[in-house]
Each structure stands twice: as C-alpha cells, then as structure tokens.
Amino acid sequence: MDSVYISGRGLVTPLGRNLAENESGLRNGKSGLVRVPEFISNHLDSEVGGMVGEISAGELIDRKKLRFCPPTSVMSVIAVAEALTEAGIPIEDAKNYRIAVVGGTASTYANELYDVTKTFENSNYRLRNVSPFSVPRAMPSSVVSNLSLIFGLRGESYGISAACATSALAVIIGARLVESGAYDMVLAGGAECLDWVQALGFCACRALSRKYNSEPEKASRPFDRDRDGFVLAEGAAWVLLESEKSLKARNAKPITKVSGVGANSNAVDMVVPDSAAICDVMTLAIQNAGLTPQEIGYVNTHGTSTPVGDPLELNAVRQLIGENAAINSTKSQTGHMVSATGAAEIIFTSIMLEKEFISPTINLENPDEGFEWADLVRELRTGTKVKHALSNSFAFGGSNASVVLSKVE
C-alpha cells in the first residue's frame, strides 16, 4: 500500500481525554481501571472497568443535535475535533472538504433498547413516556451519522460492526478508500460506552476478570500467569487518513504512514481465536506493506488478558516475526474498549513510533510459562528507533485485523 497517512488523531480513553493525557498515561504506566458503580449495583460478578466518566463536548454540539447523541457520539465528537485540529484543519472548515466517515459502536444499541423497554414497562406501557430520540440514538450507525451532521461532512458515512475488531477494520476500509482514490480524506474509528447489559453477557461467558474486584488497577494483566479474563472499558478513537496528494496540496505534514493492512476470518470458532488465522492476517498486512516479517520492530498485541487468547497470539507472533520484536499490550492500562480499541491501539502505536518510546505492559509480574522467548516490554523504553510496527485486533465472530504502521522521518 502506498501514500496513505495518518494526519490527525483524537483520543478519549480511561487514560485521558486527549492525546497528551493518553501519551502521559502510556509513559507512566497508569491504569485507567476502577470499580464500576453500575456493575456493582446490578450484582455483576466482575466489578471492574475502564471509565471515562462524565464528559461534555461543550459548544461543539448544539442543544438540538445533542438530543440525538448517546455518550459514544459525544466522545467521538471530542476525538474528531482533536484529530481535525492536529491535521491543521479548522473545525469550522471541515465541511469544505470531501471527507468520508467510517466507524462503529456496539454498546449504544443494547443500552438504549434496555432503557426504552424499562421506561415503557415502568410507565404502565404508555407510549408517550418513550423518547422518540431513542431510535437514532440506538442505531448502530448513530456515531458516524452524528459526526457527519455535527461537522457538516458530506462524504459517504456508514457504521460497521465486527465486535472487537470494529474500529481497526474501519481504519482498513478507510485506508483502502484513500488508496483507491475514492477519497483524499477519511475519518475512521469507533466508540464504546461501559454498559452493564453488555457486561452481563460477558459475565455469563466467564470472559471477564473477577479476581481483582478489590484491586481494579491489577485486573488487566496480559501474558501474566495470574490473569483471569479481560476488563471492559469505554472510549473513542478516530484518525484522519489522508492521501499524499492531499497533504502536499494543503502543505501539511503526515504523522504516521499506514504501510499495510490485512483482514480475514477465523472460520473456526465463534469466540476462540485461531493461531493459524492470526498468523495469516499478520502475513497479509506485512506483505501488503512490502516488508519482511523481520522488519517489524514492535507489536502492539490484541493482548486481552485471557488465558486462551494470549498464548495463541504470541505463538503466532513467534512463528511469523520471530523473537526480536518488542511486544506489549496497552490493554493492561486501558482495559478492552471493544469497538474503540482497534483504532485506539493504532493511535497508541502511532504515538510511540513518533515519540520513540514503548509503553510497559503493566501487571506483568510473572510471565506465563512458555513466554520466556518473548521480548515483553515490562518497563518504559525510551529512545527506541522502531521503523515499522504492527497493531493487532481480533474479535468474537472470528474477525481479524492487522495494520502495519511506519515511522515518518
């Protein structure tokens, strides 16, 4: 893949509400995990999550448009405003560019419908008590629709859904749109809100951490032998993808090159990752970048902190890339932001390439047996000279995504 760059980035995560706060959190090994009041009050056996908390977009969203915005849209507006600003595009001028919007969310649909049905039931089935705004708020495409409306963007916009790989696949789709010449600019990303209804299902799957309710900052511990499941989190992450031609026309500088992308499906199991498919999707991305596996200097793993998933991914990394690449999991700090996590980790990787550091995998006290070969980053590394990095995202349903990012000199 040639001439696709990240020119702007925006982040709202449990580590912070902008790029600077997130970079600081990454460097300092901060944990964004807390006990979640809604999980506790609803008697979930997992009480831990990564929270952004109350947040306002202020004057970015007027009162009339705010009625259509669930929290995922509010966080996304903040993130997109930051991405546009970093790209050197005044927010009020965004409407003058032909920008497509591709992204998704999962939580809004469940939470909004639950609230609507409970309101209807508790009001003795009086329809007038049900908000008419629940329909646009609950749409799986609500986030991209709100972004297009609020920023006046007239390029195509659509929501995609691929569970934990949603926003990584949005970046891949966006990169392909730019590469093909269909668009010079694409906003790609995703958003997620903590939702006890969604968490309940994961609890039933026995997928969430339960051992660390009293010490939430220790709950997400990828590759550690005492890990017992992943930790749900919320956030929003959006990138502005741009062609080299457009950057030159604007006299703007790129931040990171999107060198290669890969996507595939496990076609094996609904919830258990497949090591062969993981190896294949990384191979696709690296080949698409025109690189050899040995040129990958850093892997931001999917690394969810599950007993089954972590070794499957590391074994695939060892098989394809070897033992020399630095490896970490930023989910140790943020938890798993589901639909937002892929784009967030692409941005984290972009920051680390640009600023020449690699963040630690926190809580990695006792690496699992069999991981001795891996260069697992356990303390902050600075002065790194990584040229090419890989970011992985894998999802329930078998959707896999890998993105190769390259440093811009």
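Q: Are Phe223 and Phe371 buried or exposed?
A: Keep in mind that this is a predicted model. Under 20% relative accessible area is what it takes to be called buried. Both Phe223 and Phe371 land in that class, so the word for the two of them is buried.

Q: What kind of aromatic pair do Phe223 and Phe371 form?
A: Their ring centres sit 6.0 Å apart, with 85 degrees between the planes. Planes over 60 degrees apart go in one class, so the Phe223 and Phe371 pair is edge-to-face.

Q: How many residues apart are Phe223 and Phe371, given that the pair links distant parts of the chain?
A: Phe223 is in the loop between helix H9 (196-204) and strand E7 (235-243). Phe371 is in the loop between strand E11 (357-358) and strand E12 (375-376).

Q: Does Tyr125 count as buried, partly exposed or exposed, and what is its relative accessibility?
A: Tyr125 has an edge-to-face partner in Phe120, 5.3 Å centre to centre and with 85 degrees between the planes. Phe120 counts as partly exposed at 30% relative accessibility. The line for exposed is drawn at over 50%, so Tyr125 counts as exposed, at 51%.

Q: Which residues do ring pairs link into a cluster?
A: The structure holds six aromatic pairs. Ring pairs also build a cluster, and its members are Phe202, Phe230 and Phe396.

Q: How many disulfides does the count come to?
A: A disulfide is a covalent bond between the sulfur atoms of two cysteines. The cut-off here is 2.5 Å between sulfurs. Cys203 is buried at 9%, but its sulfur is 9.1 Å from the closest cysteine sulfur, in Cys205, so that is too far for a bond. For the structure, the disulfide count comes to zero.

Q: Which residues touch the most other members of the largest nonpolar core?
A: That core has 63 residues. A second, separate core has 31 residues, including Met75, Ile89, Val144 and Ile150. Back in the largest core, the residues touching the most other members are Leu11, Leu232, Leu241 and Val258.

Note on methods: Residues are numbered from 1 along each chain as its sequence is written. This is a predicted model: local features need pLDDT of at least 70, side-chain atom pairs count only at pLDDT 80 or more; totals for chains, interfaces and linings use all residues. Side-chain values use heavy atoms; hydrogens and water are left out. A nonpolar core is a set of buried Ala, Val, Leu, Ile, Met, Phe, Trp, Tyr and Cys residues joined through side-chain atoms within 4.5 Å. Buried means under 20% relative accessible area, exposed over 50%, partly exposed in between (1.4 Å probe, protein chains only). Rings of Phe, Tyr and Trp (its six-membered ring) pair if their centres lie within 6.5 Å; planes under 30 degrees apart count as stacked, over 60 as edge-to-face and the rest as tilted. Helices (H or I, at least four residues) and strands (E, at least two) are DSSP runs, numbered from the N terminus.
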